[in-house]
Amino acid sequence: MVEKISITIFTGSIDRLTGMAILASGAAAMDMEVDIFLQLWGVYAFKKDVMRKNMEFSEHKEMAESTAKRLQELNLPMWFDMLKEAKEIGNVHIYACSTACRIWDVGLNDLELVDEIIGAGAWLEKSKDANITLFI
Amino acid sequence: MVEKISITIFTGSIDRLTGMAILASGAAAMDMEVDIFLQLWGVYAFKKDVMRKNMEFSEHKEMAESTAKRLQELNLPMWFDMLKEAKEIGNVHIYACSTACRIWDVGLNDLELVDEIIGAGAWLEKSKDANITLFI
Amino acid sequence: MVEKISITIFTGSIDRLTGMAILASGAAAMDMEVDIFLQLWGVYAFKKDVMRKNMEFSEHKEMAESTAKRLQELNLPMWFDMLKEAKEIGNVHIYACSTACRIWDVGLNDLELVDEIIGAGAWLEKSKDANITLFI
């Protein structure tokens, strides 16, 4: 059976999303199946009008600017570019939570990189045989 | 064997608790066993004198008020009401960390929806055969 | 096969690190294998020049001071002392993410309690057969 990582993304903070993207990219490069489910702030962060200008940090906010600069200095790709590349090379599916989509009043066309809108039950069904399950 | 989701709730933020409640409700509706363990801010958020007036958001705090309003507009139940219903329909157990209970100086009578106070070892024992494990 | 918990530490907040340390200590005491991988703020929090003076809280920041005092009052060991003891009694390995080490420009000598610097792929390889996987 193919190995699988299942990531529930609640966060919309770009520092946590960067940590997530490094794991998702690594898993895709190892030929693991990568399943991602976006909840509240996750859906928000994948909105076309938010993705590229979002500067929210989850912690150590006083260091946000210098840390963001440091990431650029190292030419580390942005989290969404890492995820885009992971989708191109690997078996990566991104789902958005139907409830969160109602909250932000968005459909698939308003979101980037998202394959499908599904409910929590369908998500759990996909997650329950994963090797690694994370809530980010 | 029955399928199980095991959720360690560290957070006391109502946005993250809402994401958790949607997963827990979904799992209960699917007849999964749902085990929940409350750590520091989790125990705080389940205190009888805190649960209903807690307005803490984990991120995007400048949008907290408008987002909370939007949840009401959609008639989305509060996270604790979702959890209460999940306990009524499903196989849901909520445990509070004994260390966290000492920190807040609370017993079972000071907490809502909590079934038992246990230590970290007992919690890990319950978690290790779960299909899905999350730290929220 | 030995039972294993696999913890990805993204956070550098001492409240979340305390929750993590309680789980890691409990697992070590139960003879579980404990594998830990530090990402961005996790590596930062394990820096020799940060570990002991870090006061960052992840949430409920207005209660940070009183909560930190309460932990001292109960003589609860600091998170890093709990982890140090867990390493002495149990099978605990701590890895730092190579990308995060480049971001902070640190090597193994700049970090406490860390055994090795590895990439995300090597980390996922270690995680995929764990009983419990958490992202903190």
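**Before selecting anything.** The model is predicted, and the predictor gives the complex an ipTM of 0.96 and a pTM of 0.98. Colour chain A by confidence to begin with: its average pLDDT is 97, and 100% of its residues score at least 70.

**The relation between the chains.** Select chains B and C together, and superpose one on the other: chain B can be laid on chain C with an RMSD of 0.0 Å, by a turn of 120° and a shift of 0.0 Å along the axis. That is the relation of a three-fold axis. Now repeat the exercise with chain A, which can be laid on chain C by a turn of 120° and a shift of 0.0 Å along the axis, again with an RMSD of 0.0 Å. Here the copies use different surfaces, since 8% of the contact residues of chain A recur in chain C. For chains B and C, only 10% of the interface residues of chain B are also interface residues in chain C, so these copies, too, meet through different surfaces.

**The interface of chain B with chain C.** Keep chains B and C in view and select the residues in contact, which number 21 from chain B and 25 from chain C. On the chain B side, at least two residues each are supplied by α2 (40-45), α5 (98-104), α6 (120-127) and β5 (132-135). Which element of chain B gives the largest share of the side that touches chain C? It is α6(B), with 4 residues. Colouring this side of chain B by class shows 7 nonpolar, 11 polar and 3 charged residues.

**Two helices within chain A.** To see the contact, show side chains on α1(A) for A:Ile14, A:Leu17, A:Thr18, A:Ala21, A:Ala24, A:Ser25, A:Ala28 and A:Ala29, and on α4(A) for A:Trp79, A:Met82, A:Leu83, A:Glu85, A:Ala86 and A:Ile89. By class, this contact has 11 nonpolar, 2 polar and 1 charged residues.

Finally, select helix α6 (residues 120-127) of chain A and helix α1 (residues 14-29) of chain B, whose axes come within 8 Å and cross at roughly 75°. That angle makes α6(A) roughly perpendicular to α1(B). Zoom in on A:Ala120, A:Gly121 and A:Leu124 of α6(A), which meet B:Ile22, B:Leu23, B:Gly26, B:Ala27 and B:Ala29 of α1(B). The contact of α6(A) with α1(B) has 6 nonpolar and 2 polar residues, and no charged ones.

Terms used:
Residues are numbered from 1 along each chain as its sequence is written. Chains are lettered from A and ligands numbered from 1 in the order in which they are written. This is a predicted model: local features need pLDDT of at least 70, side-chain atom pairs count only at pLDDT 80 or more; totals for chains, interfaces and linings use all residues. Copies are superposed by least squares on the C-alpha atoms of residues with pLDDT of at least 70 in both. Two residues are in contact if their C-beta atoms, placed from the backbone, lie within 7 Å. Ala, Val, Leu, Ile, Met, Phe, Trp, Tyr, Cys and Pro count as nonpolar, Asp, Glu, Lys and Arg as charged, and the others, Gly among them, as polar. pLDDT is the predictor's confidence in each residue, from 0 to 100. Axes are lines fitted to C-alpha atoms, for helices over the stretch in contact, and angles run from 0 to 180 degrees between N-to-C directions. Angles under 35 degrees count as roughly parallel, over 145 as roughly antiparallel, 65 to 115 as roughly perpendicular and the rest as oblique.
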